[in-house]
Amino acid sequence: MDGAWTGAAVGLLLAPLLRATAVRFAVPSGEPRRDCCPRPLPVLPTGRCARCRSRTGPPPGSVEAVCAAVGWAVAATADAPVVLLLAWTAVFGVVLAFVDAAVHRLPDPLTLPLLAGTAVLLPLVEHRPAVLLRCLLAAAALGLLFGLLALFAPLGFGDVKLAPALGAVLGLYGLRTLTNGLFYTCLLAGLWAVALLLTRRAGRGTELAFGPAMLLGTLLALVNH
């Protein structure tokens, strides 16, 4: 339990950097990254730029709360050295969730390094060939599944590029954890869509951010593995 609180503390320490990164990437496709000042600076927990004090990015305290909760969950879920892989996923996942929630896109400069780092870290934290093969198959299966869904459902290709990294991490804990991750993802996405419809904040043709559901569904599956 002490390790979990250490994870929460580390999450809080990283929150200013992750908040600033989310602000920079939360722009529509094709537009340059957002910097309210000539040089990028940390964005305060109040959601204001540390230099010009202009209001920008996610609501005050939201990134900090999420970072602390995710840090706690990651540290409570995994021991060394696997915690390094989960921490890597969590750092990118927090930023991706806030970016997708804001502008409905998962930028390549975030999803591709996440996937590349996952591919590098997996053999370092897991040495059993059978488990590594399972992770590879899980990554391929999830990538293929979301690729097919993107052809027939309102999913973006950012979701497709995110799926293999999450599949590899879920595969580390077995087939049941992988299927649970899919179940939680679909459940969360469905509940969010219903909530938006009931509150009339979305209609039948409204594009929904699926990335946060994928990331939170993965985290729930890992915590409950």
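## Asking the model about its labels

Visitor: Why is Glu64 called buried?
Guide: Glu64 has a relative accessible area of 11%. Buried means under 20%, exposed means over 50%, and partly exposed is in between (1.4 Å probe, protein chains only). At 11%, Glu64 falls under the 20% line, so buried is the word for Glu64. Keep in mind that this is a predicted model, where local features need pLDDT of at least 70, side-chain atom pairs count only at pLDDT 80 or more, and totals for chains, interfaces and linings use all residues. Residues are numbered from 1 along each chain as its sequence is written, and side-chain values use heavy atoms, with hydrogens and water left out.

Visitor: What makes Glu64 and Arg19 a salt bridge?
Guide: Their side chains come to 3.0 Å, N to O. The rule asks for a side-chain nitrogen of Lys or Arg within 4 Å of a carboxyl oxygen of Asp or Glu, so this pair qualifies. Glu64 sits in helix 2 and Arg19 in helix 1, so the bridge ties together parts that are 45 residues apart in sequence. As for Arg19, its relative accessibility is 0%, so Arg19 counts as buried too.

Visitor: How many salt bridges does the whole structure hold?
Guide: The search turns up 3. Another one joins Asp108 and Lys161, with the closest N and O atoms 2.8 Å apart. That pair also links distant parts of the chain: Asp108 is in helix 4 (residues 108-125), Lys161 is in helix 6, and 53 residues separate them.

Visitor: What is the secondary structure of the chain?
Guide: It comes to 8 helices and 0 strands, in the order α-α-α-α-α-α-α-α along the sequence. The labels are DSSP runs numbered from the N terminus: helices are H or I of at least four residues, strands E of at least two. Of the chain's 225 residues, 44% count as buried.

Visitor: Which residues make up the nonpolar patch on the surface?
Guide: Leu144, Leu148, Leu151, Phe152 and Phe157, with about 610 Å² of accessible area together. Patch members have over 30% relative accessible area and no salt bridge; nonpolar side chains (Val, Leu, Ile, Met, Phe, Trp, Tyr) are joined within 5 Å, like charges within 9 Å. Leu151 has 57%, so Leu151 is over the 30% mark and exposed. Leu148 has 44%, so Leu148 clears the mark while being partly exposed. Both Leu151 and Leu148 lie in helix 5. Helix 5 (residues 129-152) gives the most to the patch, with 4 residues. Leu148 is also 9.0 Å from Val160, C-alpha to C-alpha, though 12 residues apart in sequence.

Visitor: What makes a space a cavity?
Guide: On a 1 Å grid over the protein atoms alone, a cavity is a set of points where a 1.4 Å probe fits but cannot get out; a pocket is an open set with protein on both sides within 12 Å along at least five of seven lines, and lining residues have an atom within 4 Å of a point. Helix 7 (175-198) supplies the largest share, 4 residues. The lining splits into 7 nonpolar, 3 polar and no charged.

Visitor: How much space lies in the largest pocket?
Guide: About 1100 Å³. It has 50 lining residues, and those closest to its centre are Ala97, Ala101, Pro212, Ala213 and Leu216. Helix 3 gives the most to that lining, with 10 residues.

Terms used:
Accessible areas come from the Shrake-Rupley method with a 1.4 Å probe; for residues, only the protein chains shown count as cover. Ala, Val, Leu, Ile, Met, Phe, Trp, Tyr, Cys and Pro count as nonpolar, Asp, Glu, Lys and Arg as charged, and the others, Gly among them, as polar. Grid points are joined across faces, edges and corners, and a volume is the space filled by probe spheres set on the points.
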